[in-house]
Amino acid sequence: GHSASVLNCQFTSYGRQLVSCCADGLIKLWNTQTSECVTTLDGHVDKCWALMVKEDTIVSGAADSLLCFWKDVTAEEEEEEIKEEQLQSEQQQELRNLLFDGKLAAAFSLSLALNMPYKCFRRGGEDTSTG
């Protein structure tokens with residue numbers, strides 16, 4: 001929870017989350033179903049009095065004379081993670097193809113770039129390790 005008095009709160013995401021601000025200047029985002037703090041936003045050095053929630057943006061105002069704009073980047077981060085996983089999968093498949101085709105120099109170079117040099121020492125690039 002907060003370490004000081006809660007001064008304001010607003011629901012977001014159709015009531016699934018709650019944003020609260022308090023006298024220590026911290027803003028917390030809560031999951032209303034689990035009552036767990038999802039994240040803490042630290043941008044103020046004095047009491048945070050004002051909150052406004054609009055779509056994917058939170059605006060906070062505090063006694064430190066600052067207005068802070070907080071944008072929810074969860075969707076963007078998830079999309080980036082999916083793209084990274086897809087790229088990793090494509091590169092691992094390329095490594096398997098290079099090994100299968102006997103292009104060992106290119107395979108070794110790619111395995112180093114992927115931080116997977118051990119793949120070149122396994123038959124056909126198959127990963128026999130556990131985990």
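Trainee: Does C37 count as buried, partly exposed or exposed, and what is its relative accessibility?

Mentor: In this predicted model, a residue is called buried under 20% relative accessible area and exposed over 50%, with partly exposed in between. C37 falls in the middle class, so the answer is partly exposed, at a relative accessibility of 33%.

Trainee: Which cysteine holds the sulfur closest to that of C37, and how far away is it?

Mentor: A disulfide requires two cysteine sulfur atoms within 2.5 Å. The sulfur of C37 is too far for a bond even from its closest cysteine sulfur, which belongs to C22, at 11 Å.

Trainee: How many disulfides does the chain have by this rule, and what is the distance from the sulfur of C48 to the closest cysteine sulfur?

Mentor: C48 is a buried residue, with a relative accessible area of 0%. Its closest cysteine sulfur lies in C21, and the separation of 3.7 Å is too far for a bond. By this rule, the number of disulfides is zero.

Trainee: Which residues make up the largest nonpolar core?

Mentor: The core draws at least two residues from each of the strands β2 (17-22), β3 (26-31), β5 (48-54), β6 (57-62) and β7 (67-71). One of its members, L51, touches V19, C21, I27 and I58, among others, when residues up to four places away in sequence are left aside. The eleven residues of this core are V19, C21, I27, L29, L41, C48, L51, I58, A62, C68 and W70.

Trainee: Which residues of α1 are buried, and which helix is included in what covers them?

Mentor: The buried residues of α1 include L95, L98 and L99, and L99 also belongs to a second, separate core of eight residues, along with L114, M116 and C120 among others. The cover over the buried residues of α1 includes the helix α2 (104-113).

Trainee: What is the radius of gyration of the chain?

Mentor: The chain runs β-β-β-β-β-β-β-α-α from the N terminus on, and its C-alpha atoms fill a box of roughly 65 × 30 × 25 Å along the principal axes. For a compact globule of 131 residues the radius of gyration would be near 14 Å, but the value for this chain is 24 Å.

Conventions: Residues are numbered from 1 along each chain as its sequence is written. This is a predicted model: local features need pLDDT of at least 70, side-chain atom pairs count only at pLDDT 80 or more; totals for chains, interfaces and linings use all residues. Side-chain values use heavy atoms; hydrogens and water are left out. A nonpolar core is a set of buried Ala, Val, Leu, Ile, Met, Phe, Trp, Tyr and Cys residues joined through side-chain atoms within 4.5 Å. Buried means under 20% relative accessible area, exposed over 50%, partly exposed in between (1.4 Å probe, protein chains only). Helices (H or I, at least four residues) and strands (E, at least two) are DSSP runs, numbered from the N terminus. Contact means heavy atoms within 4.5 Å. The radius of gyration is taken over C-alpha atoms; the globule rule is 2.2 Å times the number of residues to the power 0.38.
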